Amino acid sequence: MLHKRTPQKIESRAQNFARALQQVFGRGFGPGFWLASFWLFVVAFCALFADWLPVRDPIDPVIANRLNGPFTSNILGADGLGRDILARLVHGARVSVVIGLTAVSIGMIIGGALGVLAGYFRGHFERALMAVLDIILAFPWLVLLLALVAFIGQSLFAISVAIGFLWIPAYARVARANTLSVVQREYVLAAKAMGASTPRILIREVLPNVILPVLAYGLVAMGLVIIVESALAFLGLSVEAPQPTWGGMISEGKRHLATAVHVAVIPSVTMFLTVLSLNFVGDRLRSRFDVRESNL
Amino acid sequence: MKMLLRKLPWLIGTLLAVSFFTFMLVSLLPGDPAVLILGAGGVSPEAVAALRLELGLDRPLLIRYFDWLGSALTGDLGRSPMTGQLVMDAILARLPVTIQLGLMAIVIALAFAIPLAMLSAYFAGSRLDRTISGVGFALMSVPGFMMAIFLILIFAVNLGWFPATGWIPFSVSPGANLKNALLPALSLAMIELALYMRLLRTDLIDTLQQDYITLARAKGMPSWRILTRHALKPSSFSLLTVVGLQLGGVISGAIIVEEIFALPGVGRLLYQSILQRDLLMVQGIVLFIATAYVLVNFLVDFCYSLLDPRVRYSD
């Protein structure tokens, strides 16, 4: 039987890229992953377009609507002051998303840079840095955070900086550990032998190999940041009123637990779903990109 | 013993740095303590200056630090200018509540995490394993205060089994004390539980693939015995370490949970002191907590090397 050879298919760069994308995203994520991604997209959309979405005024108290249940004139009900819960959720998403993104970026950039430098230069710098990080870790996170917030204030940016500061040790550790293993590789030695400058080695050889494992923790870290911010808001120490926050809404709802459960439950469920989605998507992406786990 | 001597300078250095960091953190807080104590409005500058002199605020920062550290070493953390109470007394009076809460939370978390993790690891990949892991995953997405609110909603508001707030000392009525402590401890435990379970499961799966487990199985040893005697023991070391490291999380959780349930613990004292800007109190409590945390982890590390020959010899 004649073996008929199909003509060799020459793939364009774009096709190649598309196939790589399909290999990473196309197989085995399951509907849960897409559902979670969709939810995150909705939350991000609300945060971005809160001002233009057709919701009521989140800070306007309408006494007649006080503690309205869901599916009344307020779709998700109203809180103890008669403010629309849906509108507050949509505007509160803004706080969670902005703080989540900013705090993780701060931790990632500062912590990551310190970790790479420590792993590359070793010596006194590394030892001093690790000692300082150990000392920061000796304070329970909420204690440190309360002190920081008391010091730098309660604006959106200040809260982001304070929470981001908490993430520096963790990111520095991840970056340092990865740098240590990269620095020993032959291509770094080769670059050194060819006389490449230190900044060039750090940026061209080390960074690309460290950045992926550091980024991989980003989504899970963001979930934790949202939890931390909400705990702060619950204690009344996050972004100040009248800006609605999810944690603040839950705190407000606690007062009406006996009479109007939905005031606490609705923001709780919203936040739970968001953090769960972040954890879920983050975990899946990490195991997909983790060479050791995905058996590439 | 040799290891203890070698690690001692490191411990002392850490504690010194922690105390300095605490002092700076609180000293740099905005607001003049003297003005805060006297009340903001309508106080003569002379009165403020006199109080500053009395509190020693006119002296350089470093001298104040060493002064404070020196008395802290003798157990004197100063006297709160707001309540007139000795800081150390205030902490010690509230310490039993927080310790009881933390211990109960850790015990509850371990009591559930260990059997569940063993089941999960033994039937790794099964439907049971996926259910347990899934629930653990969900639990990790719930903040402590949310857990507390839902426990209050279910067990205090709807069922009325436990009180929503309040505290009765163990010495007055053990039964009522436990009834009051259960919900707060449970809300702290739930989050720790998920973390312990996840870690122990991974650890156990790893251990179960070792040769000596296969040997024990070949000898015909029953599965539960293999799990409890051969598999759990090596994993218990890493569990111990995590419990030690997670103490910071438990303390952070205690601040919120004590506030929600209105328990007279150290965490609530700290929160209230921060709100009232009682700086000396804040300083004392933060130093106390951080020192306790460093010491406990040092002890855990030490016990670890005493119990585990692998660490002892490699060191």
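This is a predicted model: local features need pLDDT of at least 70, side-chain atom pairs count only at pLDDT 80 or more; totals for chains, interfaces and linings use all residues.

Trainee: What secondary structure does chain A have?

Mentor: List the elements before looking at how they pack. Chain A has 12 helices and 0 strands. Its order from the N terminus is α-α-α-α-α-α-α-α-α-α-α-α.

Trainee: And how many helices and strands are in chain B?

Mentor: Chain B has 14 helices and 0 strands. Along the sequence that reads α-α-α-α-α-α-α-α-α-α-α-α-α-α. Its C-alpha atoms fill a box of roughly 85 × 55 × 35 Å along the principal axes.

Trainee: Which domains does the assignment give for chain B?

Mentor: The assignment gives domain 1 as 18-73 and domain 2 as 95-314. Now check how they are placed. The C-alpha centres of these two domains of chain B are 38 Å apart.

Trainee: What share of the contacts in chain A joins residues 24 or more positions apart?

Mentor: Set aside the pairs that are close in sequence, then look at the rest. In chain A, among contacts with a separation of 6 or more, 70% are between residues 24 or more positions apart. In chain B, 70% of the contacts between residues at least 6 apart join residues at least 24 apart.

Trainee: Next, helix pairs. At what angle do H9 and H10 of chain B cross?

Mentor: Read distance, angle and hand together. The axes of helix H9 (residues 211-218) and helix H10 (residues 223-245) of chain B come within 11 Å and cross at roughly 150 degrees. H9(B) and H10(B) are therefore roughly antiparallel to each other. The crossing of H9(B) past H10(B) is right-handed.

Trainee: Which residues of H9(B) and H10(B) meet?

Mentor: H9(B) brings Tyr212(B), Ile213(B), Ala216(B) and Arg217(B), and these meet Ile226(B), His230(B) and Ala231(B) in H10(B). The residues of this contact divide into 5 nonpolar, 1 polar and 1 charged.

Trainee: Is the crossing of H12(B) and H13(B) left-handed or right-handed?

Mentor: H12(B) and H13(B) make a left-handed crossing. The axes of helix H12 (residues 266-275) and helix H13 (residues 279-307) of chain B come within 8 Å, at roughly 145 degrees. Val266(B), Leu269(B), Leu270(B), Ser273(B) and Ile274(B) in H12(B) meet Met281(B), Val282(B) and Ile285(B) in H13(B). By class, the residues of that contact are 7 nonpolar, 1 polar and no charged.

Trainee: Now the backbone angles. What is phi of Arg122(A)?

Mentor: Start from the general rule: most residues other than glycine have a negative phi. Phi of Arg122(A) is near 50 degrees, a positive value in a residue other than glycine. Arg122(A) sits in the loop between helix H3 (85-121) and H4 of chain A.

Trainee: Why does Arg122(A) count as partly exposed?

Mentor: Because Arg122(A) has 14 C-beta neighbours inside 10 Å, and partly exposed lies between the limits of 12 or fewer for exposed and 20 or more for buried.

Trainee: Where does Ala262(B) lie?

Mentor: Ala262(B) is in the loop between helix H11 (247-261) and H12 of chain B. Ala262(B) is not a glycine, yet has a positive phi of about 55 degrees. With 13 C-beta neighbours inside 10 Å, Ala262(B) counts as partly exposed.

Trainee: One last residue. In which helix is Ile211(A) found?

Mentor: Ile211(A) is in helix H8 (residues 198-216) of chain A. Ile211(A) is partly exposed, with 15 other C-beta atoms within 10 Å. Thr179(A) is 32 residues from Ile211(A) along the chain, and their C-alpha atoms are separated by 9.7 Å.

Conventions
Residues are numbered from 1 along each chain as its sequence is written. Chains are lettered from A and ligands numbered from 1 in the order in which they are written. Helices (H or I, at least four residues) and strands (E, at least two) are DSSP runs, numbered from the N terminus. Two residues are in contact if their C-beta atoms, placed from the backbone, lie within 7 Å. Domain bounds come from an automatic or database domain assignment. Axes are lines fitted to C-alpha atoms, for helices over the stretch in contact, and angles run from 0 to 180 degrees between N-to-C directions. Angles under 35 degrees count as roughly parallel, over 145 as roughly antiparallel, 65 to 115 as roughly perpendicular and the rest as oblique. A crossing is left-handed if the near helix is turned anticlockwise from the far one by less than a right angle, and right-handed if clockwise. Ala, Val, Leu, Ile, Met, Phe, Trp, Tyr, Cys and Pro count as nonpolar, Asp, Glu, Lys and Arg as charged, and the others, Gly among them, as polar.
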